[in-house]
Each structure stands twice: as structure tokens, then as C-alpha cells.
Amino acid sequence: MFEAVAFYLFAFLTIVMFYITVTTSQALFALTALAAGMIFISAFFFILGADFLGAVQIIVYTGAVMALYAFGMMFFDTTRKVKEKNGNKYIVVGLATLSAVMVVAIFMAPIVSTNIQVFYPEIEGVGNTQMVGIVLFTKYLIPFEVAAVMLLVAMVAGIVLAGKKMDLSLTKMNAEQIKEIEEKDKKVLS
Amino acid sequence: MDNAYLIETIIKVVVILLIFSALAGIGTYFERKVLAFMQRRLGPMNVGPFGLLQVGADGIKLFTKEDIIPTNVVGPIFKIAPVITAATAFMAAAAIPFLPSFELFGHEVHPIVADINIGILYVLGVMAVGLFGPLLGGMASANKFSLLSAARAAAVFISYEVVTGLAILAPIMMVGSLSLIDFNNYQIEHGWIVWSQPVAFVLFWIAAFAETGRTPFHLIANDHEIIDGFGTEYSGMRWGLFFIGEYANMFFISFVIPILFLGGFGDGSVLGAVALFGKMAFFFFFFLWTRAAWPDVRPDQLMWLCWKVLMPVAVINVVITGLVMMF
């Protein structure tokens, strides 16, 4: 009974939150609803007994949405409504419906044809944290390592992009040196 | 699920909520007294014996003060932000064992709301959500100083979380479980983890200061701007909720550090339980001591410390632990 109540409660909350995310024109509402929705999704993992994935869902998405807030802070006055540029509404609605139907079809197809197989049956007496580890380092080792390499590439690229002039510190310079640098920048820009 | 379990859980939740919201109030009294003695003042003296009733006076003031919602703020977000801080602090407490299990009227009581097998991960994750409170409060406030404070909250968040995660990884590798009760039981057999993982202990301790937003990482509510950062526009009980959240977080992290590194409640005797409270009191006192003794750092200094010093040290610690465990 508890599981049913929890499921319907969190299903309702998640749908409401994501509905707010896509319909509101207030950046702060959208971000907050997105964060809340992502955290509510973790409840489904807990209901299914996948505690580890649930906790990871909370940790990962709080961090991710926090970064989105930082961008929101930079690009918008978050206390005002954003004027959205609405193109052809029919195209937007059509594409959105089509992609939603396709996603549902992709996930439902194996269930309908009862074609789902369990490659790695549950091992007795092993917690789900260990199970995730076992599957990651046997069946999914190559995707796991590829993802790690891709993240490393992204990190190196990020450092290269952001790391220009990292050795300079404006607080340690006097006014003339700062002026010199500013003039140099002007030449580069013009 | 039987009814006895349900009733027991509800009682535990209510007890934890009541005790720790009261402790948060008394925590402010301790903080004032400790700071006062370290700065050669008297602290609160006038209300009640030794100023003990000051807590009640503050409570009455907070509860009866008008709840002002300024114009131009984003109303719903502004109202919900303090609740996030307070609620997540108490949600995190669900996986913390406060005492060893004991018998009460012939019924065995486990003083932990839910012994989930990912305890420490859950506690740290939910505590991290608490930082959304200052962030949202600052961004919704329509006040430039609050917005700056929200930006600093984001900076604090992205710096400390990696350090906590990596610092705790080495002890987790040794224990082989994420449950706080398993941590406690491991330390009964093998001795305190702090002796085998001193680096992880220090790193986690430093990160705990950033996590609770205490001096020297008290950048969220920036004191040297004279105003209260994200709390500038708040009044009455909404501001009080931020405070309750912060102090409850301090208490909970002061419980988590001894359970992880300093033997927790030991073998479950009365002495062990008292020892856990003693350790908790020491860590709580240390928060106040640091506040009296150290200045705040700048946000860029915090990020430098976390990313360029603490994170590499934590990674090296994990690698060395792995090598030692392998051979």
C-alpha cells in the first residue's frame, strides 16, 4: 500500500514539476521546478529498491542544476519574465508530440513483444551498490571506459578554454600594468 | 509493514525533529557564549540565569515578527527557499544512527529512522540539496547583495562536493559498505578509521566547514558586507528557518564525522553512547572555536584550496589506499 501511495504521489509531483519547467516563462521557476522534478525522480529508484541509483540521482542532479542556476544568473535577470521568441507553434507541438511518441514506442517495444532478457541475474546476498559495480566492470566495461575518456577530453578542453591568462592576477598588478593588458586586448578585438 | 513499525518510525521522526530544532536554538546560545568568552566578553547575561532564557526570548521575537515579502521578489521561490534549507537538514538525519540500539519496555529500539544500505551517500547528497536554500533565496530576492551571495553559494557548492566525495571514498573502500552502522561495526573490530586514514579525516573535516557554511568558509552570508547576504530581505520565522537549518546541519555533521572516523558509539554500551555525545560536542565546539579564531577566505581562495590542493590530495589518498589494499 505504501509503495502505491508513494508511487502515485511522486508520479504526480514529477509530472507537475516538469510541466511547470516547460510552460513557465520565468527562468527561476523553470530551474527550481527542474531541480525538484529531478530529485522527485529519485523516489522511484528508492521504491524499486535501487537505493544507490536513487542517491546518485540526487547528488548528480543537484550539482548539474546548480551549474544551470549559475548560467541563469549570468544570462537573465532571474526576477523578471523572459520574453520568449515563439516561432511556428504547430511545428513545435508537432515535433514535441512526435518525439514523445517515439520515445514511448522505443521503450515499450521490448515489453510488448516480451523480448526482455536478464543477462545478469541477481546474486544472492549482494547489495545493489555492489551489483552496479559488478555490471559496470564486466558487461559494460567498454562503454564505462569510453565515457571516462570522453569526460577527460571534456575536462582538458574546458581547462584550455578557461585557462587563458590564469597566471595573471589583477589584484597583484599596479594600474599601469592593468592598462597595458587592456590596450593589448583592445588591439586583439579590433 | 506492520503497525508497530509504522508507529515506531513516526515516534522517532517526531523525537528527532523536536530535539534537534530545540538544539538548534540552544546552539545559538552556545555559540554566543563561546564567542564571548574567547573575545573576553560576557555574552547573553540578562535574560534568566547566565542568560539561558535568551533562547526563548529570541524564539518569541522570531515567531511574532511580521513576515515581510518585499515587492519585486519572486514570491513562491522566496517563500519556499528557507523551508528547503530546514527540511533537507532534517531529512539528512534519517540515515544517521544517533545511539546504539537499546531495550525500552521489552522492545528493541534502533535510534535510526531508516537503516538504508547507502547511508553516507544519502546523508551527504541530501545535505547538499540544502544549499539550494541560500541560492534560491538570494536569486529570488531582487537585491544585488543577495544575488552576489547566491553566486557565492554556487561557488561553495561546486568546490566542496568533490572533496567530500573523494575523501570519504578511501574509508568506504576499506569498510566495503556505505551504511553508517557498518562503519561503526567495522571500527569495533579494526580500531578507529582515523588511525589508518588520517588524510581522509582531515579532508572531510575541512569540507564539513564548507558544507555547513561556517567560518572560514562562511562566504554565503558574507559578514564583511555588513548585511546578511541571502538573508537580507528575510524577516521573522523565514529567516529563523535558515538558522535552524544551518545549526541542525552543524549538529548532524558533528554526528557523522565521529561515526565515520572516530569509532562512533563503539560496541553499543552506555559508555559508548556517552562517548559519541562527547565527540559530537567536541566537533560542534570546534566549529565555534574556528569562528572565533579565523577570518573568512575569499571565494576564489576557497576554490583554489578545494580544486588545486584538497582534490589532488584526496585522489592520491584513494590511489594509495587502493594499492595498499591490493598488495
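Biologist: Which residues touch the most other members of the largest nonpolar core?

Modeller: This is a predicted model, in which local features need pLDDT of at least 70, side-chain atom pairs count only at pLDDT 80 or more, and totals for chains, interfaces and linings use all residues. Residues are numbered from 1 along each chain as its sequence is written, with chains lettered from A and ligands numbered from 1 in the order in which they are written. I96(B), V123(B), V156(B) and F252(B) touch the most other members of that core, which has 115 residues. A nonpolar core is a set of buried Ala, Val, Leu, Ile, Met, Phe, Trp, Tyr and Cys residues joined through C-beta atoms within 7 Å; buried denotes 20 or more other C-beta atoms within 10 Å of a residue's own, with C-beta atoms placed from the backbone.

Biologist: What share of chain A is buried?

Modeller: Of its 190 residues, 15% are buried.

Biologist: Why is chain A called more spread out than a compact globule?

Modeller: The radius of gyration, taken over C-alpha atoms, is set against a globule rule of 2.2 Å times the number of residues to the power 0.38. For 190 residues the rule gives 16 Å, whereas chain A has 24 Å, well over that value, so chain A is more spread out than a compact globule.

Biologist: What makes the span of α2(A) close to expectation?

Modeller: The expected span is 1.5 Å times one less than the number of residues in the helix, a helix being a DSSP run (H or I, at least four residues) numbered from the N terminus. With 21 residues, α2(A) reaches 31 Å from its first C-alpha to its last, close to the expected 30 Å.

Methods. A residue is buried if 20 or more other C-beta atoms lie within 10 Å of its own, exposed if 12 or fewer, and partly exposed in between; C-beta atoms are placed from the backbone. Helices (H or I, at least four residues) and strands (E, at least two) are DSSP runs, numbered from the N terminus.
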